[in-house]
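The structure is shown below.

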Amino acid sequence: MLRVEKVSFSYGGARKILESVSLEVDGGKLVGLLGPNGSGKTTLLRIISKVLQPSGGVVFLNGKKVSELSVRELARELAVVPQETAASFEFTALDVVLMGRTPHLRRFELEKEEDLRIAEECMRLTDCWHLADRPITTLSGGERQRVFIARALAQEPKYLLLDEPTANLDLRYQIEIMEIIKRLAVEKKLVVIMASHELNLVASYCDELVLLNNGRIIAAGAVREVLTRENIRRAFGVDVLVETHPLTGAVYLLPVNGQQHTALHS
Amino acid sequence: MALVINVSASELKRSDAAEPYLIRLYKTKDFFTYGGKSVQVAETGAHVFEGGVRHTYLLERVRHWRFILLVFSLVLFLSVFLATAVGSTYVGPSAILNAFRLGIYDLLSKLGVELGAHAGETAETQKLIILDIRLPRVILGALVGAALAVSGAALQGLFKNPMADPYVIGISSGALFGVTLAHCLPLLSLLAAACAKQVFAFLGSLLAVFLVYNIARTGSRIPVDMLLLAGIATSFLFHAVSSLILYLTLQGDWHQIISWVLGGLWLASWGQVEAAFLPVVICTISLLFFARDLNAMLLGEESALHVGIEVEKVKKIILVLASVAAASAVAVSGTIGFVGLMVPHAVRLVVGPDHRILLPASALAGASFLIWADALARVSSLEIPVGLITAISGVPFFIYLLLRRKRAIAYA
């Protein structure tokens with residue numbers, strides 16, 4: 001279980017990036033972290049993963065304070081799929097995934113059969129095992145994203161954070177990645193938190209949503225409770241229609257642009 | 001080159017059906033080599049990486065690495081041997097062997113074991129040339145080359161930038177500044193006698209690295225252009241100050257001045273070899289400790305943190321080790337440039353980007369490279385400073401890298 005308790009953050013100035021953010025996520029749940037640009041989504045993920053120290057509040061992983069875990073201990077519990085993945089040197093996809101075994105290996109220890117088995121399993125799970133011997137620099141955005149998800153899984157984490165994993169991907173890859181993430185949460189009983197701007201995508205895959213605005217949580221809970229016309233207006237300052245998908249029953253949003261909006265109200 | 005097998009896609013999907021094919025191919029040993037061939041299915045054109053392959057990947061990799069190290073060591077060993085033949089007077093291989101034999105006899109007689117007849121006068125002279133003049137120089141060249149190359153490889157990984165090198169980013173000239181101070185200032189020469197030039201070289205290089213790091217750092221990042229500019233500025237500063245001090249204190253001993261500033265191995269002796277040996281070997285081995293960390297950091301520092309590497313700490317340790325390695329080279333040879341730039345690059349093309357093989361292979365290759373660059377410097381009766389040779393070959397290489405980068409930016 002992941003628990004964030006009254007976490008605040010600021011870069012020293014008066015402006016608070018996060019203010020008293022609290023949330024709790026259980027294993028097997030896929031949680032979407034939503035909010036406009038600059039609302040603090042990435043900052044929250046970076047605090048949970050100990051890249052940043054909060055100026056107030058505590059993050060607990062299964063009852064243990066994150067600040068008291070070593071970087072290595074944390075890496076065995078929690079993995080992160082970054083938003084942008086640099087790849088300027090020609091490691092093969094398998095090499096990259098094997099790097100995920102780092103927190104489990106001693107300094108001079110070479111990867112063993114067992115590590116390779118885990119890497120293979122993770123790559124099959126994210127459907128990229130066929131890319132194993134390809135240099136990472138030659139992969140497309142979607143392929144590379146899957147390799148990095150596999151790397152995170154190779155750490156054998158109980159917690160998985162993803163920062164806009166579907167950004168810059170076309171519709172097919174977006175759905176593919178979401179299917180994989182959803183499956184992981186369910187099958188491996190992971191706590192998965194993903195920051196995203198794709199409201200409709202998130203609405204149809206996530207179990208719960210957290211909506212941030214100006215560093216505060218303005219709504220949290222079931223998809224239907226969070227994605228309301230009022231909440232969206234408060235967070236994003238735009239008007240939307242909230243509809244129900246005729247086939248899946250999921251919530252989806254239809255933006256109402258300026259002209260239509262005027263027409264609607266005149 | 002892909003090997004094509006005719007299996008239908010439906011057969012392949014059932015891995016039990018595909019496995020016999022793959023294992024059979026694997027058994028012919030024509031099936032898979034690391035980073036080399038892959039198997040292709042004719043019908044679908046999809047790459048397959050299955051069954052028997054998995055079990056060989058790690059093994060193949062270790063074998064491959066061992067093979068590389070063996071070849072590189074062999075080349076180094078031969079280079080040491082052959083380069084002792086090169087010089088203003090030619091000494092043939094049999095004479096070299098003879099000299100080595102006499103040297104071993106000398107060692108043994110010191111231990112009280114008398115072997116073999118007394119050598120003739122020519123043999124004694126040749127022994128002197130080989131063992132006391134050429135061999136220390138060749139070995140010193142090897143140590144300096146290894147130190148510069150391993151330092152360059154580590155810096156390139158650390159800064160995620162193929163243009164980093166102890167010379168380019170100012171570490172070498174910082175070390176030169178330290179050596180110059182130790183050598184020339186009367187007040188310090190007392191201290192220097194106690195602490196040796198090495199210590200001053202370390203301090204100088206650390207000062208340079210501190211300056212460059214802090215000038216170039218923009219937030220938490222070190223942009224490539226800032227790093228290069230800060231390095232060049234620092235490099236110029238320390239070079240100029242060192243040259244000035246040398247000029248004022250050495251009173252026109254040009255040979256000495258040039259050997260420091262341009263970099264050369266004229267002053268090689270067994271004493272120098274002893275001075276350089278430990279720091280170079282210790283730093284090289286210590287850097288190997290951080291090979292996996294460097295690998296992870298190539299994919300981004302935050303990303304390395306996420307797999308459990310204490311990036312900030314590791315970064316500092318690697319910087320210090322790379323500086324000490326380069327500084328101990330500078331303390332015995334002056335500033336020899338571009339070895340740390342070219343060698344890791346060339347080696348990376350052969351062995352790939354994994355630092356676990358890249359670092360040791362670079363050290364071995366750097367040693368061989370500098371031995372031959374110095375042999376070239378010696379063979380002309382003019383005694384060209386070896387730093388000029390490495391610069392003449394290195395600068396075009398540097399420009400080539402810049403142009404490639406330019407193209408990459410233009411297309412981005």
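## Extent of the interface

The model is predicted. In it, 34 residues of chain B are in contact with 42 residues of chain A. Interface size is often given as the accessible area lost when the parts come together. Here chain B and chain A bury about 3600 Å² between them. Carbon and sulfur atoms account for 62% of that area.

## Polar and charged pairing

Six is the number to note for charge pairing: the rule finds 6 salt bridges across the interface of chain B and chain A. One salt bridge joins Arg356(B) to Glu111(A). Their closest N and O atoms lie 3.2 Å apart. Between chain B and chain A, 10 residue pairs are in polar contact, counting pairs with both residues at pLDDT 80 or more.

## The chain B side

Four helices of chain B each supply at least two residues of the side that touches chain A: H3 (52–83), H10 (270–289), H11 (291–298) and H12 (301–306). H3(B) gives the most, with 7 residues. By class, this side of chain B has 16 nonpolar, 7 polar and 11 charged residues.

## Cysteines

A search of the whole structure finds 0 disulfides over all chains. Cys128(A) is in no disulfide. Its nearest cysteine sulfur belongs to Cys122(A), 9.1 Å away.

Cys128(A) has 0% relative accessibility, so this residue counts as buried, the cut-off being under 20%. Cys206(A) has a relative accessible area of 7% and is therefore buried as well.

Definitions and conventions. Residues numbered from 1 in each chain as written. Chains lettered and ligands numbered in written order. Predicted model: local features only at pLDDT ≥ 70, side-chain atom pairs only at ≥ 80, totals over all residues. Heavy atoms only, no water. Contact = heavy atoms within 4.5 Å. Buried area = accessible area lost by both parts, 1.4 Å probe. Salt bridge = Lys/Arg side-chain N within 4 Å of Asp/Glu carboxyl O. Polar contact = N/O pair within 3.5 Å; in protein donor to acceptor, adjacent residues only side chain to side chain. Nonpolar A, V, L, I, M, F, W, Y, C, P; charged D, E, K, R; others polar. Disulfide = S-S within 2.5 Å. Buried < 20%, exposed > 50% of the residue type's maximum accessible area, 1.4 Å probe, protein only.
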